[in-house]
Amino acid sequence: MRTFIKIAVRTVLVLIIVFVLFVVVVRSLFIVLPVPTNSMRPLLTTNDVAVAAKWFRVDLLHNGDLVVVALPIPDGSKILTVRKIDQQTNTPAGQFYLSAAGTNGIDSRQLRTLPAADIRGRVIRIFRGVY
């Protein structure tokens, strides 16, 4: 009976370690972001979850790509949200014109262009109706 308990304890410890390593790897490579508002409706709703890769090349971002961006808000802090790249012909190098799909979202219409450093990830997958 004691060997069964030892095997069970070791199995549980191994599963816990594997789970912790999985979480650490996922959090270091990806951003998992529940869509916080309806500002991207109809593309995204508040029930969707966006998964973005943290490792991406800025020079490979194109019009229409969805990105996770740290948007500045009036109190001086930043919030993570999803926006669509909508480059204009006069957008300066290293800057991005980002747009919300809906008319009620904060985007480059109010903030002007945002630096590439504010883009935290490129959306690679949308899970619909998860949240």
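**View 1. Val 68 and the residues around it.** Setting aside neighbours within four places in sequence, Val 68 is in contact with Ile 31, Leu 33, Ala 52, Leu 80, Thr 81, Val 82, Asp 118, Ile 119, Arg 120, Gly 121 and Val 123 (contact means heavy atoms within 4.5 Å). This is a predicted model, in which local features need pLDDT of at least 70 and side-chain atom pairs count only at pLDDT 80 or more, while totals for chains, interfaces and linings use all residues. Residues are numbered from 1 along each chain as its sequence is written, and side-chain values use heavy atoms, with hydrogens and water left out.

**View 2. Two nonpolar cores.** A nonpolar core here is a set of buried Ala, Val, Leu, Ile, Met, Phe, Trp, Tyr and Cys residues joined through side-chain atoms within 4.5 Å; buried means under 20% relative accessible area, exposed over 50%, and partly exposed in between, using a 1.4 Å probe and protein chains only. The largest core has 13 residues, of which Leu 44, Val 68, Val 82 and Val 123 touch the most other members. At least two residues of this core come from each of S1, strand S2 (49–53), S3 and strand S8 (119–127). A second, separate core has ten residues, including Val 67, Val 69, Leu 98 and Leu 114. Helices (H or I, at least four residues) and strands (E, at least two) are DSSP runs, numbered from the N terminus.

**View 3. The open sheet.** Let us follow the six strands across, in the order S1-S2-S8-S3-S4-S6, with antiparallel pairing. S1 and S6 each have a single partner strand and stand at the edges, so one side of each has no neighbour in the sheet. Two strands pair if DSSP finds at least two bridges between them. Three bridges connect S3 and S8 in the antiparallel sense, and Val 68 has Gly 121 in S8 as its bridge partner.

View 4. Strands S3 (residues 66–72) and S4 (residues 78–85) run antiparallel and are joined by seven bridges; Leu 66 stands opposite Lys 84 in S4. Five residues lie between the two strands of this hairpin, and Gly 76 in the turn has a positive phi of about 95°. S4 also pairs with strand S6 (residues 98–99), in the antiparallel sense, over two bridges. Here the partner of Ile 85 is Leu 98 in S6.

**View 5. The lining of the largest pocket.** Val 26, Arg 27, Phe 30, Ile 31, Val 32 and Lys 54 form the lining of the largest pocket. Helix H1 (2–29) and strand S1 (30–34) are the elements that give two or more residues to this lining. S1 has the largest share, with three residues. On a 1 Å grid over the protein atoms alone, a pocket is an open set of points where a 1.4 Å probe fits, with protein on both sides within 12 Å along at least five of seven lines, and lining residues have an atom within 4 Å of a point.

**View 6. Two backbone details.** The peptide bond from Arg 41 to Pro 42 is cis, with omega near 15°, and Pro 42 sits in the loop between S1 and S2. Arg 112 is not a glycine, yet has a positive phi of about 70°. Arg 112 is exposed, with a relative accessible area of 67%.
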